[in-house]
Amino acid sequence: ILKGAYLAENVYENFACRPMGDLDILVRNEDREKSYKILLSMGYDKVPESKQDKMMHHSFSSQLMGQNIFIEIHHRLVKEVFQANFDIGEIWGSDHMPIEYQIIYLSWHMIHHGVTRLIWICDLAELIKNNNKKDVNLDIVCNKSVNFNVQKQVMLSQYLTSILIYPSFSNNGDSKIRYPLNRIYEILFQKIQKKVLNQDDEKELRHLLGISLMKVKDFKTYIPQYIRYRLS
């Protein structure tokens, strides 16, 4: 179970504190068709999606008590074009991701979508507080974020969480995570919020933020992939 559905029931003190628009479920790639058949047999209808969306998930909908219920069946966490190397083979064996993996994925998701919702920062703060921080190994978070090529996204999201909601998040002298670019991140975040308030194009904002956090070698690889992605 991914994102809001997991967080509402397992992290927030009251599940009503975590609104969500759909239910996200990650399945093994080889179980995709089986999961689709199960939902169809339960009365869900397949939702038409773009070719780009189908690269990562398929959506289904049904009605319950007059409300539309949406379920997204994910077979991957990110699209290849975004250069993040998540190893989802590590997470199977439980009904949810390990805490360190949750932090990394939620951080990437928040930055990828332009930090346009405060609830995403609240998610990280509640996740850490719910696990009493001592149960979270930030060194594992740091090392895995490097391996997954999302270190900058994790650093930025943790910094924003620490200055806006949960100051003790970053106060760990033993952690390898450091914040040498705090002022730059703060200026960047302020510019993002200004764009949001001015109702600038959210998609353009997300792309600019994502590109600004890339390593040079990944940026060179990303551009031709991104062009092909937009033209497909």
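Predicted model: local features only at pLDDT ≥ 70, side-chain atom pairs only at ≥ 80, totals over all residues.
Reader: Is Glu13 buried or exposed?

Author: A residue counts as exposed when its relative accessible area is over 50%. The relative accessibility of Glu13 is 85%, so this residue counts as exposed.

Reader: How many Å apart are Glu13 and Asn130 in space?

Author: Along the sequence, 117 residues separate Glu13 and Asn130. In space, the distance between them is taken from C-alpha to C-alpha, and it comes to 8.7 Å.

Reader: How many helices and strands does the protein chain have?

Author: Read along the sequence, the chain follows the pattern α-β-α-β-α-β-β-α-α-α-α-α-α-α. In total, the secondary structure comes to ten helices and four strands.

Reader: Why is H1 said to be largely enclosed by the rest of the structure?

Author: The buried residues of helix H1 (3-10) are Lys3, Gly4, Ala5, Tyr6, Leu7 and Ala8. They pack against S1, H4 and H5. H1 is largely enclosed because six of its eight residues are buried.

Reader: Which element gives the most to the largest nonpolar core?

Author: The largest nonpolar core has 43 residues, and Leu77, Phe86, Ile103 and Val150 have the most contacts inside it. H1, H4, H5, helix H6 (138-147), helix H7 (151-164) and helix H10 (216-231) each supply at least two of its residues. With nine residues, the element that gives the most to this core is H4.

Reader: With which residues is Leu77 in contact, leaving aside its neighbours within four places in sequence?

Author: Leu77 is one of the residues with the most contacts inside the largest nonpolar core. Once the neighbours within four places in sequence are left aside, Leu77 is in contact with Leu2, Leu26, Met56, Phe86, Ile88, Met97, Tyr101, Tyr105 and Trp108.

Reader: Which element gives the most to the lining of the largest cavity?

Author: The space in the largest cavity is about 40 Å³, and its lining consists of Lys3, Arg18, Leu106, His109, Met110, Trp120 and Asp123. Helix H4 (99-112) and helix H5 (118-130) are the elements that give two or more residues to this lining. With three residues, the element that gives the most is H4.

Reader: How many charged residues does the lining of the largest cavity have?

Author: Lys3, Arg18 and Asp123 are among the lining residues. By class, the lining has three nonpolar residues and one polar residue, while its charged residues number three.

Reader: How many disulfides does the structure have?

Author: Cysteine sulfur atoms must lie within 2.5 Å to form a disulfide. For Cys17, the nearest cysteine sulfur is that of Cys122, 9.9 Å away, and Cys17 is in no disulfide. Cys122 is likewise in no disulfide. The count of disulfides is zero.

Reader: What is the relative accessibility of Cys17?

Author: Cys122 counts as partly exposed because its relative accessibility is 23%. Cys17 also counts as partly exposed, and its relative accessibility is 48%.

Definitions and conventions:
Residues numbered from 1 in each chain as written. Heavy atoms only, no water. 1 Å grid on protein atoms, 1.4 Å probe; cavity = no way out; pocket = protein on both sides within 12 Å on 5 of 7 lines; lining within 4 Å. Points joined across faces, edges and corners; volume = space filled by probe spheres on them. Nonpolar A, V, L, I, M, F, W, Y, C, P; charged D, E, K, R; others polar. Core = buried A, V, L, I, M, F, W, Y, C linked by side-chain atoms within 4.5 Å. Buried < 20%, exposed > 50% of the residue type's maximum accessible area, 1.4 Å probe, protein only. Contact = heavy atoms within 4.5 Å.
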